[in-house]
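Please read the points below with the model open.

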Amino acid sequence: MRTLWQNCHVATMAQGNYSTIEQAAIVSNAGLIEWIGAQADVPSVEAERVVDLGGAWVTPGLIDCHTHAVFGGNRSGEFEQRLQGVSYAEIAANGGGIASTVRATRAASEDALLASARQRVQALLRDGVTTLEIKSGYGLDLVNERKMLRVARRLGEELPVTVRATCLAAHALPPEYAGRADAYIDLVCEQMLPALASEGLIDAVDAFCEHLAFSPAQVERVFIKARELGLPVKLHAEQLSSLHGSSLAARYQALSADHLEFMTEDDAIAMAKAGTVAVLLPGAFYFLRETQLPPLDALRRHGVKIALSSDLNPGTSPVLSLRLMLNMGCTLLRMTPEEALAGVTVHAATALGLGASHGTLEVGKVADFVAWQIDRPADLAYWLGGDLPKRVVRLGHEISH
């Protein structure tokens with residue numbers, strides 16, 4: 001159905017900035033943007049439907065490019081314990097931490113994981129999200145990683161959202177491989193990745209490069225296998241220490257390197273040359289009470305594209321609002337509202353390998369957009385929480401939540 005969406009202002013985000021069109025209109029057809037520009041210049045096409053957007057500000061649909069939305073259990077009890085003075089090490093020694101999420105995820109059925117993840121994803125969708133990534137990484141064996149990735153695929157089929165599924169089997173060492181990290185990486189590379197890729201369950205491969213997870217050498221083995229399978233890579237890097245994982249990611253033309261609090265100037269230079277996106281995760285920074293800020297000035301200086309994301313997960317970032325991350329990106333990480341909005345649209349799309357089709361409002365791209373009843377685009381980063389009045393359009397069709 002060809003639809004004319006008129007009486008609006010548009011922040012196209014086409015140049016990585018607002019790139020506004022005042023008094024604008026959009027023509028969508030067959031799920032794509034057929035025309036966009038000033039309303040006075042609308043071509044004489046036969047629109048089957050005309051929609052008055054009431055002077056709204058239209059942005060691309062928001063993109064949450066780093067989530068762990070599928071998991072079993074709940075770690076709010078650990079949150080309470082930490083606030084009462086129990087250390088993370090003590091919690092982990094008593095079977096808490098990621099190990100507790102792995103146990104709960106393994107114990108949950110696929111349908112149970114789907115039901116709990118659906119609630120979390122729907123919260124993001126109510127915030128204007130039309131595309132998101134979901135990582136595995138709480139199964140840590142073939143059966144349960146497959147289960148998580150199947151849930152991610154089902155969410156994309158059953159909800160009005162585009163889902164990219166990322167295999168994060170190299171997330172942590174499962175208990176049955178304690179003290180045998182290289183053997184576990186053997187399993188990931190020789191069995192898990194080939195099997196899951198052959199089943200069409202993976203769009204990208206991720207790993208956690210950190211002292212408490214996997215070394216750069218072990219991560220590189222995962223990257224080499226991903227390359228053999230024709231899959232792009234991403235990396236959790238420099239969150240807690242500097243291992244130059246982001247430079248390693250750049251050497252493998254990674255879509256993104258994420259967290260990055262401890263990255264160096266050389267890492268930023270490498271990422272810029274490779275076109276690897278820096279994904280900043282203010283929810284985890286806030287929740288963990290971190291004090292080491294990502295080097296925003298270095299990223300800007302070298303022209304690294306900067307995305308923002310929720311990092312929705314049960315242990316370190318139980319975030320259900322991507323729009324709240326816009327504010328945190330500004331207040332905690334010192335981004336501008338314009339940078340923050342680019343971080344959840346155009347640059348987030350690039351971080352998922354979707355830059356050619358998503359993230360900006362341009363002719364030929366998907367007709368995913370949100371019409372917000374706000375005074376200016378900066379309002380999206382200004383308001384803390386709440387449900388801003390809006391109309392969400394995905395593939396040219398208005399959807400309700």
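1. Basis of the values. The model is predicted; local features need pLDDT of at least 70 and side-chain atom pairs count only at pLDDT 80 or more, whereas totals for chains, interfaces and linings use all residues. Residues are numbered from 1 along each chain as its sequence is written, and side-chain values use heavy atoms, with hydrogens and water left out.

2. UniProt, in an unreviewed entry, lists residues 57-396 as "domain: Amidohydrolase-related"; its positions are given in the numbering used here, feature names are shortened, and annotations may be inferred rather than shown by experiment. Over residues 57-396 the chain is 42% helix and 16% strand, with the end C-alpha atoms 17 Å apart. Helices (H or I, at least four residues) and strands (E, at least two) are DSSP runs, numbered from the N terminus.

3. The unreviewed UniProt entry places the feature "binding site" at Y138, N313 and G315. These residues are spread over 178 residues of sequence, yet they cluster in space, the largest C-alpha distance being 11.5 Å. Y138, N313 and G315 are included in the lining of the largest pocket.

4. Y138 is found in the loop between β6 (129-135) and α5 (142-158). Y138 counts as buried because its relative accessibility is 3%; buried means under 20% relative accessible area, exposed over 50%, and partly exposed in between (1.4 Å probe, protein chains only). Not counting residues up to four places away in sequence, Y138 touches several residues, including H68, F71, H171 and N313, a contact being heavy atoms within 4.5 Å.

5. Surroundings of N313. The loop between β12 (306-308) and α12 (322-331) holds N313, which is buried at a relative accessible area of 4%. Leaving aside neighbours within four places in sequence, N313 is in contact with H68, F71, Y138 and P318. A polar atom of the N313 side chain lies 2.8 Å from the backbone nitrogen of G315.

6. Largest pocket. A pocket is an open set of points on a 1 Å grid over the protein atoms alone, where a 1.4 Å probe fits, with protein on both sides within 12 Å along at least five of seven lines; lining residues have an atom within 4 Å of a point. The largest pocket has a volume of about 930 Å³. Of its 30 lining residues, the closest to the centre are R75, Y88, L288, G315 and T316. The elements giving two or more residues to this lining are α1 (76-83), α2 (88-93), α3 (98-107) and α10 (282-287); the largest share, 3 residues, comes from α1.

7. Second largest pocket. The second largest pocket holds about 250 Å³ of space. Among the 17 residues that line it, F71, N74, N313, P314 and P318 are the closest to its centre. At least two lining residues are supplied by each of α1 and α4 (110-125).

8. Helix α12. Is α12 mostly covered or mostly open? It is mostly covered, with 8 of its 10 residues buried; among them are L322, M325, L326 and C330. S321 caps the N-terminal end of α12, where a side-chain oxygen lies 3.5 Å from the backbone nitrogen of R323.

Key. Polar contact = N/O pair within 3.5 Å; in protein donor to acceptor, adjacent residues only side chain to side chain. Points joined across faces, edges and corners; volume = space filled by probe spheres on them.
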